[in-house]
Amino acid sequence: DWDYNNDKVTLTYDPKQSTLEKLGETITNLGYTVEVVANPKPEGPATGKPAAKPQQMPVPKNAPEFFTAAITKARAAGKPIVIDFWAEWCGPCKLKKITMAETKVAKALEGVELIFVDLDKHPKLAEAFGVKSIPDVFFINTEGLVVDRLRKFEEAKPFLERLKTVSKKPTPPPAKQPAKGK
């Protein structure tokens, strides 16, 4: 999709055909800046590649103390973050009780800052993140980039795969080789 008013392009790619790194490198070599904003389709591939200087996930100025404290703690510890927007009345919002209670998932979550945001108690925070329905779970890597988003209930095995993507350490871009003289 092309947003002509803001000169932005949204790309969706097939991970079987290319990688984020190759796609990002190609776009960067064309002289454009690349930034991962979010994965708009929970079942689809991620979009883009982190820019050379990743953009931090913005923390809204009016965010509640528990939220800002958790983000600050995660950033200081270099931990990825999972933010789960949910509510008591939400039927599919059972990740915490079912999926995250599974032994393997609970173990994997030990290295992640997990933040639960009750939609009924913090509607302005949900609005700031563009949450339109719940569950809505954001996966944010150590660079502060939203690398995945889940908008439904998910069993343990696919959830663990999502956790692997957020827990991966970002690979720095390859150093440019100086041109060889003739």
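Q: Which residues have the most contacts inside the largest nonpolar core?
A: Bearing in mind that this is a predicted model, one finds that the largest nonpolar core has 24 residues, and that those with the most contacts inside it are Phe67, Ile83, Phe85, Ile115, Phe129, Ile134 and Phe138. At least two residues of this core come from each of helix H2 (65–77), strand E3 (81–86), strand E4 (113–118), helix H5 (123–128) and strand E5 (136–140). A second, separate core of 17 residues includes Met100, Leu109, Val112 and Leu145.

Q: How should I read the two faces of a strand, and which residues of E3 point each way?
A: In a regular strand the side chains alternate between the two faces of the sheet. In E3, Ile81, Ile83 and Phe85 point one way, whereas Val82, Asp84 and Trp86 point the other way, and all are buried. Because six of the six residues of E3 are buried, this strand is largely enclosed by the rest of the structure.

Q: Do the strands joined to E3 run parallel or antiparallel to it?
A: E3 and E4 run parallel and are joined by six bridges, with Ile81 standing opposite Glu113 in E4. E3 and E5, by contrast, run antiparallel and are joined by five bridges, and Val82 has Phe139 in E5 as its bridge partner.

Q: Is Asn141 buried or exposed?
A: Burial is judged against a cut-off of under 20% relative accessible area, and Asn141 is buried because its value is 7%. Asn141 lies in the loop between E5 and strand E6 (146–150), and, leaving aside neighbours within four places in sequence, Asn141 is in contact with Pro80, Val147 and Val166.

Definitions and conventions
Residues numbered from 1 in each chain as written. Predicted model: local features only at pLDDT ≥ 70, side-chain atom pairs only at ≥ 80, totals over all residues. Heavy atoms only, no water. Core = buried A, V, L, I, M, F, W, Y, C linked by side-chain atoms within 4.5 Å. Buried < 20%, exposed > 50% of the residue type's maximum accessible area, 1.4 Å probe, protein only. Helix = DSSP H or I, 4+ residues; strand = E, 2+ residues; numbered from the N terminus. Contact = heavy atoms within 4.5 Å. Pairing = 2+ DSSP bridges.
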